[in-house]
There are 2 protein chains.
Amino acid sequence: MTKRLAIGDLARQTGTKVNTIRFYEEIGLLPEALRTASGRRTYDTADLRRLAFIRHARQLGFSIPEIRSLLALSDQPDRDCAEAAAIAREHLHDIGIRIARLETLRSALTDVATSCEGGRVAECRVIEAIAGTELAL
Amino acid sequence: MTKRLAIGDLARQTGTKVNTIRFYEEIGLLPEALRTASGRRTYDTADLRRLAFIRHARQLGFSIPEIRSLLALSDQPDRDCAEAAAIAREHLHDIGIRIARLETLRSALTDVATSCEGGRVAECRVIEAIAGTELAL
DNA sequence: TATACAATCTCCAGTCACTGGAGGATCAAG
DNA sequence: CTTGATCCTCCAGTGACTGGAGATTGTATA
């Protein structure tokens with residue numbers, strides 16, 4: 001059998017706190033882990049991937065309900081197709097906005113970094129870059 | 001004089017709760033608002049932009065310390081240029097990763113949405129898309 | 001085999017970033 | 001001059017963790 005991972009290994013490989021992994025199990029984001037005879041949790045690479053997904057999604061600003069909905073797309077491949085597509089499309093809209101804002105912010109920061117390289121004071125449009133995406137002006 | 005905004009106007013125009021605006025003032029993310037004779041806070045369009053920036057940045061997953069550091073780039077245009085450029089470059093690295101992950105997620109979701117359109121069951125690679133960006137495999 | 005020390009367990013209290021409500025003052029319309 | 005919306009301060013509650021106490025187990029070394 002391929003070797004199972006201890007909770008500490010999973011934590012190290014995903015940059016997650018051990019307590020946080022137990023917390024995700026408690027709220028049902030991760031399945032209940034298999035236990036050794038003495039009661040310690042063990043994991044496999046599917047758990048590793050799932051946890052990595054959760055962590056990255058959190059860093060991208062997705063809430064836990066949103067992550068649940070994204071995971072559901074993976075968990076139930078045989079689910080109602082139209083429903084899955086609708087969920088995917090909702091997220092797609094949101095993700096498009098996030099990408100656009102990040103790209104605007106990136107170009108503002110690039111301006112700061114490069115105009116500083118020349119020794120001049122940066123014209124700092126950081127706020128303008130990301131503030132105004134959908135405000136008039 | 002151009003008309004000043006009430007806290008409720010600011011809240012409506014940025015999709016922020018009134019209490020949250022007061023909270024941002026308390027922790028120094030927003031400057032102390034000017035008050036009317038009776039003690040009500042008033043704002044201008046600079047405050048509006050700053051708050052919109054803060055809210056968007058939060059939705060993108062930036063922590064409040066990170067937002068402070070981004071705002072500092074705007075707040076101190078005459079600050080040490082090399083320092084500002086260094087801060088900008090740190091954020092640029094992080095933002096590149098975020099954009100890449102969002103784009104991978106977007107293409108996974110697009111697959112779900114379009115393969116469902118054909119009436120077939122989606123091959124759901126949502127987790128794989130975003131889980132594995134820097135894990136070996 | 002003994003022992004020490006790292007990792008795990010459960011349970012519970014604390015933190016960060018809000019969110020909502022009580023109780024009271026103020027403003028704008030009718 | 002009343003009525004309802006909006007504002008004020010203060011404080012308690014929520015979501016998503018984070019850290020610590022106290023006890024148990026696993027493993028590496030003497």
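Okay, let's start with helix α1 of chain A, residues 7–14: its buried residues are I7(A), G8(A), L10(A), A11(A) and T14(A). Buried here means under 20% relative accessible area, exposed means over 50%, and partly exposed is in between, with a 1.4 Å probe and protein chains only. Looking down the axis of α1(A), those buried residues sit within an arc of 160 degrees, so they line one face of the helix. The arc is taken from the directions that run from the helix axis to the C-beta atoms.

Before I go on: this is a predicted model, where local features need pLDDT of at least 70 and side-chain atom pairs count only at pLDDT 80 or more, while totals for chains, interfaces and linings use all residues. Residues are numbered from 1 along each chain as its sequence is written, chains are lettered from A and ligands numbered from 1 in the order in which they are written, and side-chain values use heavy atoms, leaving out hydrogens and water.

So what covers the buried residues of α1(A)? The cover includes β1, α2 (18–26), β3 and α3 (45–59) of chain A, with contact meaning heavy atoms within 4.5 Å. Helices (H or I, at least four residues) and strands (E, at least two) are DSSP runs, numbered from the N terminus. After α1(A) comes G15(A), with a positive phi near 65 degrees.

Now the sheet. Chain A has 3 strands in an open, antiparallel sheet, in the order β1-β3-β2. β1 (5–6) and β2 (34–35) of chain A are at the edges with a single partner strand each, so one side of each has no neighbour in the sheet. Two strands pair if DSSP finds at least two bridges between them, and β1(A) pairs with β3 (residues 41–43) of chain A over 2 bridges. L5(A), for instance, has Y43(A) in β3(A) as its bridge partner.

On to the DNA. There are 19 residues around DNA strand D, and N19(A), G8(B), R22(B), R40(B) and R41(B) come nearest; near means a heavy atom within 4 Å.

Last, some polar contacts, which are pairs of N or O atoms within 3.5 Å. The side chain of N19(A) has an N or O atom 2.4 Å from a base nitrogen of DNA strand D.

Notes. Polar contact = N/O pair within 3.5 Å; in protein donor to acceptor, adjacent residues only side chain to side chain.
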